[in-house]
Amino acid sequence: WLSPVRKANRSLCSRSMVQIALVALSSLLMFAAFPPLGWAPLAFIAPVPLFLAIRRIERPSYAVILGFAWGAMFFGLLLKWLMVLGFVAWFPLAILMGTFTAIFAIVIWTFRLWPAWRWWLIAVGGWTAMEWIRGRFPFGGFPWGDIGYPAGGLPGASGSVQWIGPSGWTVLVVGVAAGIAL
């Protein structure tokens with residue numbers, strides 16, 4: 001027999017594990033969208049588990065932790081080639097990129113209770129702003145891992161890149177993913 005407090009703690013723990021699993025899945029899907037795997041269509045669904053996890057948690061600290069975990073895991077995988085230069089080159093960059101997504105996560109968590117269409121605008125605009133800022137800071141920017149790059153490489157879509165660019169593809173991809181997450 002479990003006391004009500006233990007039941008609540010067990011339930012909270014299992015819910016937290018689901019959120020962590022969603023974030024890990026999202027990071028792996030996003031990594032698979034980029035080379036060397038290059039499964040570009042995954043870019044459209046990769047953010048969905050992250051959005052679902054962030055929208056369903058109750059504490060802002062969890063949003064920061066989950067956002068950071070997503071960014072550190074995705075960029076850690078994406079930038080593993082930097083290990084040629086050593087851990088000292090790879091680790092700080094993965095941590096910095098995780099910080100960007102932690103900030104994004106707290107923003108979309110803050111607005112999770114707003115009407116769906118407003119949250120959708122915040123999610124799309126927030127992700128696009130995050131990529132724009134990350135592309136300019138630090139040291140002149142780091143645009144690696146922008147979600148518009150794999151999506152823009154889809155067969156039949158390369159002609160549109162000249163018109164909307166990677167940032168336009170980011171808006172489109174995150175718009176689809178945020179819509180699915182609603």
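1. Basis. This is a predicted model, in which local features need pLDDT of at least 70 and side-chain atom pairs count only at pLDDT 80 or more, while totals for chains, interfaces and linings use all residues. Residues are numbered from 1 along each chain as its sequence is written, and side-chain values use heavy atoms, with hydrogens and water left out.

2. Nonpolar core. The largest nonpolar core has 50 residues. Such a core is a set of buried Ala, Val, Leu, Ile, Met, Phe, Trp, Tyr and Cys residues joined through side-chain atoms within 4.5 Å. Buried means under 20% relative accessible area, exposed over 50%, and partly exposed in between, with a 1.4 Å probe and protein chains only. Met30, Phe51, Ile54, Phe74 and Trp127 touch the most other members. Two or more residues come from each of α1 (4–33), α2, α3, α4, α5 and α7. The top contributor is α4, with eight residues. Helices are DSSP runs (H or I, at least four residues), as are strands (E, at least two), numbered from the N terminus.

3. Helix α2. This helix covers residues 47–55. Seven of its nine residues are buried, so the rest of the structure largely encloses α2. The buried ones are Pro47, Val48, Pro49, Leu50, Phe51, Ala53 and Ile54.

4. Aromatic pairs. There are 16 in the structure. Rings of Phe, Tyr and Trp (its six-membered ring) pair if their centres lie within 6.5 Å; planes under 30 degrees apart are stacked, over 60 edge-to-face, the rest tilted. Trp70 and Trp127 pair edge-to-face, at 5.6 Å centre to centre and 75° between the planes. Trp70 is in helix α3 (residues 60–78) and Trp127 in helix α5, so this pair ties together parts 57 residues apart in sequence. Both are buried.

5. A second pair. Phe100 and Phe137 are also edge-to-face, with 6.3 Å between centres and 70° between planes. Phe100 belongs to helix α4 (residues 87–110), Phe137 to the loop between α5 and α6 (148–152), 37 residues apart. Phe137 is partly exposed, at 48%.

6. Ring cluster and charges. Phe34, Phe51, Trp70, Phe74, Phe75, Phe104, Trp119 and Trp127 form a cluster through ring pairs. The charged end of Arg55 sits over the Trp119 ring, 4.4 Å from its centre. Arg118 lies over the face of Trp114, 5.9 Å from the ring centre. The test is NZ of Lys or CZ of Arg within 6 Å of the ring centre and within 35 degrees of the ring normal.

7. Gly71. This residue sits in helix α3. Gly71 is buried, at 0% relative accessible area. Its C-alpha is 7.4 Å from that of Ala102, 31 residues apart along the chain.

8. Cis bond. The peptide bond from Pro35 to Pro36 is cis, with omega near 15°. Pro36 is in the loop between α1 and α2.

9. Second largest pocket. The space in it is about 160 Å³. A pocket is an open set of points on a 1 Å grid over the protein atoms alone, where a 1.4 Å probe fits, with protein on both sides within 12 Å along at least five of seven lines; lining residues have an atom within 4 Å of a point. Helices α5 (116–134) and α7 (158–181) each give two or more lining residues. The lining includes Trp132, Arg136, Asp146 and Tyr149.

Terms used:
Points joined across faces, edges and corners; volume = space filled by probe spheres on them.
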